[in-house]
Amino acid sequence: MFKIDVDNINGKTESLYVYGEQSILTELEEHNVLLNHSCRQGHCGSCVLLLLQGDVLHQDCLVPLSQGEILACQSKPITDIKIGSRN
Amino acid sequence: MSYSIFSKKVVNTMAQPMFFGDAVNVARFDKQKFEMFEKLTEKQLSFFWRPEEIDVSKDKMDFAKLLPNEKHIFLSNLQYQILLDSVQGRSPNIAFLPIVSLPELENWIETWSFSETIHSRSYTHIIRAIVNEPGAVFDDIMKTEQIIERAESVSKHYDELIKCSQAYLLHGEGTHDLNGDKTTIDLKCLKRKLYLTIMSVNILEAVRFYVSFACSFAFAERKVMEGNAKIIKMIARDEALHLTGTQHMINLIRDGKDDPEMTAIAAECESEVINMFKEACEQEKNWAEYLFRDGSMIGLNAEILKQYLEYVTNIRMNAIGLKPLFEERSNPLPWINHWLDSDNVQVAPQETEITSYLVSAIDNTLDDSDADFGDFKLD
Ligand code: FES
Ligand SMILES: [Fe+2]
Ligand SMILES: [Fe+2]
């Protein structure tokens, strides 16, 4: 299992434990941490987050990302991670 | 001015707005003002699929066993989708191509509209497989008041824009006699019609499809009509791309990255747009009532579908920078994401492998030379 430390996303700061089989977006939703999103396919960029610690496996996407940015709908943790909002 | 399919004027497309600038002449993609549209095109091409590749033979047996109220839900949804894709299979081309000014956007519009024609063909594939008389299902579309009513709402902005932009391209600005109707055409009011049309298309693809997506996936959650659900999943995947296209146009306009006059129009139209979302959501709720008039289906009822509609409407408004209309809530149909998420989409045979790569958190103790680790390809 991996630990996802949520650092103030939509007002929530908490730790979730996940198997790493689903996207971070889905994990957050299942733990009631609501996140902006739209396409769920890596096209729109609504679900962008900052990866503060750890590594994720990221699927290809259409959105240009800066260093340390990930799309919640396109990434899965492969270590314990810490994530936060971009702004 | 009059429209030419290949204007001889030399233009710098990098300095053109998305629409109502100079017409595109050379289809060139060596330099692009908005690269996102080419990325959308490439993605759409990689998604190419054919309905015939999907086996729907088991659906015939499943369909025969459905309860009458479930048959009503299933067929009505297909009929509604047929209407929506009939509109989308032609109208982006007819409405937007004559007025587009960027080659990469022109290319996206054509690719987008083409993919809708695949959706249309897939409905015939499904209906032929499950009923003995496909003709009756199609003939009923034009006889169903609830569908025709909504045909009006999804086509009225398109029709207005097409009528006025054709007059503009033929005669320019001024007061023209359009079939006995004195109509004043000026560029600003045309741009307004364009903005509202883009919005109405966004609502069509981003909200209106989702009741019937939910029903198709709900059947398949019970392991019935799974061939249909596979097709609808491909359609939903395409639609997620299309709706990102209109969202992108809207956001470029709203963020002041395109035509400043369009940006001003977007601000002026804000309350009208909010009303459009409200109205569409209301209409779709009525549709849910109509679907379930003879009874619900396992896993879905009109109430929960209406909550889902509010949830989807909120998300779509958010994505274009509008304040959501409804109370923030979690997804009332969480299982639907298994069908909508990219990881679970079966890749068509011709789709190349999905590439993934490792992303690491920025470590401040590393210097810039370590930065390229972020592009490390795993497969
Ligand atoms: S939801 Fe669109 S990129 Fe993640
Ligand atoms: Fe479509
Ligand atoms: Fe579409």
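**Notebook: sheets, iron site, surface**

I began with strand β3 (residues 48-53) of chain A, which three bridges join to β5(A), the two running antiparallel. I took strands (E, at least two residues) and helices (H or I, at least four residues) as DSSP runs, numbered from the N terminus. Two strands count as a pair if DSSP finds at least two bridges between them. The bridge partner of A:Val48 in β5(A) is A:Leu71.

Notes on the source. This is a predicted model, in which local features need pLDDT of at least 70 and side-chain atom pairs count only at pLDDT 80 or more, whereas totals for chains, interfaces and linings use all residues. Residues are numbered from 1 along each chain as its sequence is written, chains are lettered from A and ligands numbered from 1 in the order in which they are written, and side-chain values use heavy atoms, with hydrogens and water left out.

**Entry: the sheet in chain A**

I followed β3(A) to its other partner. β3(A) and β7(A) pair in the antiparallel sense over three bridges, and A:Gln53 has A:Lys82 as its bridge partner in β7(A). I then looked at strand β1 (residues 2-9) of chain A, which runs parallel to strand β7 (residues 81-84) of chain A and is joined to that strand by four bridges. Here A:Ile4 has A:Ile81 in β7(A) as its bridge partner.

Put together, these strands belong to an open sheet of five, in the order β2-β1-β7-β3-β5 (chain A), with mixed pairing. I noted β2 (12-18) and β5 (69-71) of chain A as the edge strands, each pairing on one side only. Neighbouring strands of this sheet are turned by 35° against each other on average, direction ignored. For such angles, axes are lines fitted to C-alpha atoms (for helices over the stretch in contact), and the angles run from 0 to 180 degrees between N-to-C directions.

I also checked A:Asn8, which lies in strand β1 of chain A. Its phi is near 50°, a positive value in a residue other than glycine. At 45% relative accessibility, A:Asn8 counts as partly exposed. The classes are buried under 20% relative accessible area, exposed over 50%, and partly exposed in between (1.4 Å probe, protein chains only).

I looked up where chain B joins a sheet with chain A. An open sheet of three strands has the order β6(A)-β4(A)-β3(B), and its pairing is antiparallel. The edge strands are β6 (75-77) of chain A and β3 (356-360) of chain B, and each pairs on one side only. On average, neighbouring strands are turned by 30° against each other, direction ignored. Strand β4 (residues 55-59) of chain A pairs with β3(B) in the antiparallel sense over five bridges. In this pairing A:Leu57 stands opposite B:Leu358.

**Entry: the iron site in chain B**

I listed the donors, which are N, O and S atoms within 2.8 Å of the metal (3.2 Å for Na, K and Ca); water is not among the atoms, so sites may look incomplete. The iron ion (ligand 3) is coordinated at 2.0 to 2.5 Å by OE atoms of B:Glu116 and B:Glu205, by two OE entries of B:Glu239, and by ND1 of B:His242. Along the chain, the donors follow the spacing E-x88-E-x33-E-x2-H. B:Glu116 also bridges this ion and the iron ion (ligand 2), the two lying 3.5 Å apart. B:Glu116 lies in helix α4 (residues 103-130) of chain B and B:Glu239 in helix α9 (residues 226-254) of chain B, so the pair ties together parts that are 123 residues apart in sequence. B:Glu116 is buried, with a relative accessible area of 0%. B:Glu239 is buried too, also at 0%.

**Entry: other positions in chain B**

B:Val26 lies in the segment before α1 (36-46) of chain B and is partly exposed, with a relative accessible area of 42%. I found B:Ala15 in the segment before α1 of chain B as well, and at 56% relative accessibility this residue counts as exposed.

Last, I looked up B:Asn179, in the loop between β1 (174-178) and β2 (181-185) of chain B. Phi of B:Asn179 is near 50°, a positive value in a residue other than glycine. B:Asn179 is exposed, with a relative accessible area of 85%.
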